[in-house]
Amino acid sequence: MFNLKTLQRNKTVKYGVPMLLLVVGGSFGLREFAQIRYDAQKIRKRLDPSLAAKVNEQKQSVILEEEYEKLKEINLDEWKNIRGPRPWEDSKEYQEQQRRNLSKTD
């Protein structure tokens, strides 16, 4: 039948079986490493219990509704777009200049 020398000379056994083991074993190894990664992300995304106690979802919805009511009261049709200062411009001088220009136009 088959002896050890004929198996060692066979190219399928010499190259194919190790390659197959590498591919199949690698997929299992990658699955384990990916699982570790996803578990670590879940742990990082959890809120600290003391912070979770401060954050109340029902209260947050009330705050959003209050802000929406405030925005409804503001007249958004009469706004003016004012350019901010450039990095090389002095911000206080520029703001004073913008205020003077606004007071002239009003």
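Partly exposed here means a relative accessible area between the buried limit, under 20%, and the exposed limit, over 50%. Glu67, with a relative accessible area of 39%, is therefore partly exposed. All views below show a predicted model.

**View 1. Confidence along the predicted chain.** The mean pLDDT of the protein chain is 82, and 88% of its residues reach 70 or more. Among the elements of the chain, helix 2 has the highest mean pLDDT, at 91. The lowest, 69, belongs to helix 3, which covers residues 49-54. Where pLDDT is low, the predicted coordinates should not be read in detail.

**View 2. Helix 2 and the annotated segment.** Helix 2 runs over residues 11-45. Its 35 residues, at 1.5 Å a residue, should span 51 Å. The end C-alpha atoms lie 50 Å apart, so the model agrees with that expectation. An unreviewed UniProt entry lists residues 15-34 as "transmembrane region". In the model, residues 15-34 are 100% helix and 0% strand, with 28 Å between the end C-alpha atoms.

**View 3. The start of helix 2.** A side-chain oxygen of Asn10 comes to within 3.2 Å of the backbone nitrogen of Thr12 at the start of helix 2.

**View 4. Salt bridge between Arg31 and Glu32.** The structure holds 3 salt bridges, and one of them joins Glu32 to Arg31. The closest N and O atoms of this pair are 3.5 Å apart. Glu32 has a relative accessibility of 44% and therefore counts as partly exposed. Arg31, at 48% relative accessibility, is also classed as partly exposed.

**View 5. Salt bridge between Glu67 and Lys70.** The side chains of Lys70 and Glu67 meet in a salt bridge, with an N to O distance of 3.4 Å. Both residues belong to helix 4, residues 57-73. Because Lys70 and Glu67 are 3 residues apart in that helix, about one helical turn separates them. Lys70 is partly exposed, with a relative accessible area of 47%, and Glu67 is partly exposed at 39%.

**View 6. Salt bridge between Glu69 and Lys72.** Helix 4 also holds Lys72 and Glu69, which form a salt bridge whose closest N and O atoms are 3.7 Å apart. Lys72 and Glu69 are 3 residues apart, so the separation is about one helical turn. Glu69 counts as partly exposed, since its relative accessibility is 39%.

View 7. Gln98 is placed in helix 5, residues 91-105. Its relative accessible area is 19%; the cut-off for buried is under 20%, so Gln98 is buried. The side chain of Gln98 makes a polar contact of 2.8 Å with the side chain of Tyr94. With residues up to four places away in sequence left out, Gln98 touches Ile82 and Arg83.

**View 8. Arg83 in the loop between helix 4 and helix 5.** Arg83 lies in the loop that joins helix 4 and helix 5. With a relative accessible area of 33%, Arg83 is partly exposed. Residues touched by Arg83, not counting those up to four places away in sequence, are Glu89, Tyr94 and Gln98. Arg83 and Tyr94 are 11 residues apart along the chain, and their C-alpha atoms are separated by 9.6 Å.

Terms used: Residues numbered from 1 in each chain as written. Predicted model: local features only at pLDDT ≥ 70, side-chain atom pairs only at ≥ 80, totals over all residues. Heavy atoms only, no water. Salt bridge = Lys/Arg side-chain N within 4 Å of Asp/Glu carboxyl O. Buried < 20%, exposed > 50% of the residue type's maximum accessible area, 1.4 Å probe, protein only. Helix = DSSP H or I, 4+ residues; strand = E, 2+ residues; numbered from the N terminus. UniProt positions renumbered as here; feature names shortened; annotations may be inferred. Expected span 1.5 Å × (residues − 1). Polar contact = N/O pair within 3.5 Å; in protein donor to acceptor, adjacent residues only side chain to side chain. Contact = heavy atoms within 4.5 Å. pLDDT = per-residue confidence, 0-100.
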